[in-house]
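Have the sequence and the 3D view open while you read.

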Amino acid sequence: MKRILLVNGPNLNLLGTREPEIYGSDTLKDVERLVIRVAKEYGIDVRAVQSNHEGELLDAIHEARHDCSAIIINPAGLTHTSVVLRDALAGVPLPFAEIHISNVFAREEFRHHSFLSPLAEFVITGAGIQGYEFAVRRIAGLLAR
Ligand code: DQA
């Protein structure tokens with residue numbers, strides 16, 4: 001069975017209560033349930049990871065090379081700062097989708113740059129948590145090719 005690694009970065013454990021005017025009222029559990037439900041439609045399994053610790057995210061990405069076919073990642077603030085996260089994604093031979101719940105381009109300028117986007121299969125920003133659903137459907141299509 002194919003498997004997607006779903007990675008949510010720092011502070012996304014607070015989804016639902018964190019700046020709801022920007023990120024909405026859905027929780028991380030809601031996001032994970034959505035991804036699992038949609039992936040199941042395609043017979044794809046999901047491993048979900050969230051951490052506030054960069055190294056844990058790196059470890060999960062490294063592990064994924066053994067048993068996953070693709071990665072969906074919302075790198076959160078690490079998007080704009082992390083060379084090591086970029087290097088981890090570059091170091092595993094898996095396609096990845098970069099997701100942002102908010103439209104990062106409509107926000108502060110420091111959010112306009114991503115260390116990851118040039119390596120991503122595709123990027124979805126500003127579609128709310130539906131962005132994760134779009135990502136699963138697109139990845140399922142890519143994996144079916
Ligand atoms: C975010 C956007 C980032 O700029 C921010 O640091 C986050 C969440 C988003 O989902 O919109 O933590 O990745």
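## Around the ligand

A polar side-chain atom of His100 sits 2.8 Å from an oxygen atom of the ligand. That is a polar contact, meaning a pair of N or O atoms within 3.5 Å. Before going on, note that this is a predicted model, where local features need pLDDT of at least 70, side-chain atom pairs count only at pLDDT 80 or more, and totals for chains, interfaces and linings use all residues. Residues are numbered from 1 along each chain as its sequence is written, and side-chain values use heavy atoms, with hydrogens and water left out.

| Residue | Distance from a side-chain N or O atom to a ligand oxygen atom |
|---|---|
| Asn74 | 2.8 Å |
| His100 | 2.8 Å |
| Arg111 | 2.9 Å |

On its own, the ligand has 320 Å² of accessible area, and the protein covers 98% of that (Shrake-Rupley method, 1.4 Å probe).

Who else is around? The residues surrounding the ligand (a heavy atom within 4 Å) include Arg18, Tyr23, Ala76, Gly77, His80, Ile101, Ser102 and Val104. Sorted by class, this shell has four nonpolar, five polar and two charged residues; Tyr counts as nonpolar here, and Gly as polar.

Now for the space itself. The ligand takes up the largest pocket (more than half of its atoms lie within 2 Å of the grid points). A pocket is an open set of points on a 1 Å grid where a 1.4 Å probe fits, with protein on both sides within 12 Å along at least five of seven lines, and lining residues have an atom within 4 Å of a point. This one has a volume of about 160 Å³. Its lining has 16 residues, and Arg18, Tyr23, Ala76, Gly77 and Arg111 lie nearest the centre.

What does UniProt list as "active site"? The unreviewed entry gives Tyr23 and His100.

How values were computed
A polar contact is a pair of N or O atoms within 3.5 Å; within protein, one must be able to donate a hydrogen and the other to accept it, and residues adjacent in sequence count only if both atoms are side-chain atoms. Grid points are joined across faces, edges and corners, and a volume is the space filled by probe spheres set on the points. UniProt positions are given in the numbering used here, feature names are shortened, and annotations may be inferred rather than shown by experiment.
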